[in-house]
Amino acid sequence: MKITKVRAVLYQAHNLIPGWKVSLGGRDTYDLVYLRIDTDKGLVGVGISSPGAAYITGDTAANHLQLINNLFGPAIIGSDPFDIEAVMLKLDSLAMKAEAAKSGIDLALYDLMGKALDLPACKLFGGMVHPRIRVTRLMGMYGPKEMAEKVKGFVERGCSALKLKVGTTLQEDVERVQRVRDAVGPSVTITVDFNQACSAKEAIRRIEKMEPYDVALVEQPVKANDLKGMAMVTKSVGPKIMADESVNSLAEAMQIIETGAADVISLKFPKMGGILKAKKVAVLCEAAGLEYLVGTTPGSRLADAANVHLAASLKDLTLPCEIGEFERMADDPCTGLEIVDGFLSPPPRPGLGVEVDLKRVGLAD
Ligand SMILES: [Mg+2]
């Protein structure tokens, strides 16, 4: 099987929960890039890349369209989709970093390979270890009262894990956790994500004050490049510390391990360059005894289907994963993935397993 055509288009998704923000910034729309790979066998693979928020990633959809349509696409015409390692090596030789744009190609290749073999994508990278994955739902950084009110709906629908965006003042951050704990009861797993808002000492102060409300996991308390500070936080507090913005590659995961900067690594296909590369980071975590989970990629059932396949294949996964944010997006052109009682399962259909309305995204024949 040979690749004959690669096309990418911009698609904008809208957040159903307005006023969403994190400590670094906020937005109500998400730029997504859908891409389609055609082959000489008539099979079509569909992928998605997400530049994420520019105030976190510095990336844009225009950059993805340029890279995929004008650089990556033409370079992989004639390649066999099953030679995914060689295809990714080719993309790496053409563009330094640009991992999020590369990840769209990786997803489309797994979709193609699965369709060619009539197998769900997870069977191509280790197979199914976890048929059901517990879902963590996210809540933007609203005021404490509003946040506690907003998360109730998730728990009423069966969600047993929440991640709260924090990072304003000590008093407000602690009140957020306190009010949410009061609203949802003792059995819900609570994670907080500072998105780099604190110095190490300030993070330690805030986390200690949150501890009475049973915080299981604290994400990226300090700046992405402050591994020394994050190691200090990790050594000083009870809850597990998770690195997110600090880990975008295998090499950065190695630095986290060497410095003892975190207990957990957030695996994300956009920042790591696709499922193939994210799996390599997962293996490194397994060797080093670090925990991992699959972190959020908001905007589409297609992206979350990829996340569910990845999570299902992770040997040492014990933590809930942030794989349900498609629920807060209006205008999703994809169907075939729904949260049931707070859990998600990989779609049983071939490839990534969701139906994408190609006409609606502008990728029909
Ligand atoms: Mg994060």
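Asn195 lies in the loop between strand S9 (189-193) and helix H7 (200-210). The phi of Asn195 is positive, about 45 degrees, although the residue is not a glycine. Most residues other than glycine have a negative phi. Asn195 is also buried, because 23 other C-beta atoms lie within 10 Å. The cut-offs for that word are simple: 20 or more other C-beta atoms within 10 Å of a residue's own make it buried, 12 or fewer make it exposed, and anything in between is partly exposed, with C-beta atoms placed from the backbone.

Some ground rules come next. This is a predicted model, in which local features need pLDDT of at least 70, side-chain atom pairs count only at pLDDT 80 or more, and totals for chains, interfaces and linings use all residues. Residues are numbered from 1 along each chain as its sequence is written.

Now the whole protein. It has 13 helices and 17 strands. The C-alpha trace spans about 60 × 40 × 35 Å along its principal axes. For 365 residues, a compact globule would have a radius of gyration near 21 Å, and the protein has 20 Å, so the two agree. That radius is taken over C-alpha atoms, and the globule rule is 2.2 Å times the number of residues to the power 0.38. Of the 365 residues, 53% are buried. Two residues are in contact if their C-beta atoms, placed from the backbone, lie within 7 Å. Among contacts with a separation of 6 or more, 72% join residues 24 or more positions apart.

Turn to helix H4 and its two ends. Ala98 sits in the loop between helix H3 (84-94) and H4. Ala98 is not a glycine, yet its phi is positive, about 50 degrees. With 21 other C-beta atoms within 10 Å, Ala98 is therefore buried. Then H4 itself runs over residues 99-117; at 1.5 Å a residue its 19 residues should span 27 Å, and its end C-alpha atoms are 27 Å apart, so the two agree. The expected span is 1.5 Å times one less than the number of residues. H4 is mostly covered, with 17 of its 19 residues buried. Just after the helix, Asp118 takes a positive phi of about 60 degrees.

Ala100 gives a view from inside H4. Ala100 counts as buried because it has 27 C-beta neighbours inside 10 Å. Beyond its neighbours within four places in sequence, Ala100 is in contact with Ser49, Ser50, Pro51, Gly52, Thr57, Asp59, His64, Pro270 and Lys271. Take Pro51: it is 49 residues from Ala100 in sequence, but 6.1 Å away in space, C-alpha to C-alpha.

Next, a helix pair. Helix H5 (residues 144-156) and helix H6 (residues 170-184) pack at an angle of about 35 degrees, with axes 8 Å apart. Axes are lines fitted to C-alpha atoms, for helices over the stretch in contact, and angles run from 0 to 180 degrees between N-to-C directions. H5 contributes Pro144, Lys145, Met147, Ala148, Val151, Lys152 and Val155 to the contact, while H6 contributes Glu172, Glu175, Arg176, Arg179, Val180, Asp182, Ala183 and Val184. By class, that contact has eight nonpolar, no polar and seven charged residues. Ala, Val, Leu, Ile, Met, Phe, Trp, Tyr, Cys and Pro count as nonpolar, Asp, Glu, Lys and Arg as charged, and the others, Gly among them, as polar.

Two more residues show further contacts. Ala278 is found in helix H11 (residues 275-288). It has 27 C-beta neighbours inside 10 Å, so Ala278 counts as buried. Leaving aside neighbours within four places in sequence, Ala278 is in contact with Leu267, Phe269, Met272 and Leu310. His14 belongs to strand S1 (residues 3-15). His14 is partly exposed, because 14 other C-beta atoms lie within 10 Å. Its contacts beyond four places in sequence are Asp28, Thr29, Met329, Ala330 and Asp331. Met329 is 315 residues from His14 along the chain, and their C-alpha atoms are separated by 5.5 Å.

Notes
Helices (H or I, at least four residues) and strands (E, at least two) are DSSP runs, numbered from the N terminus.
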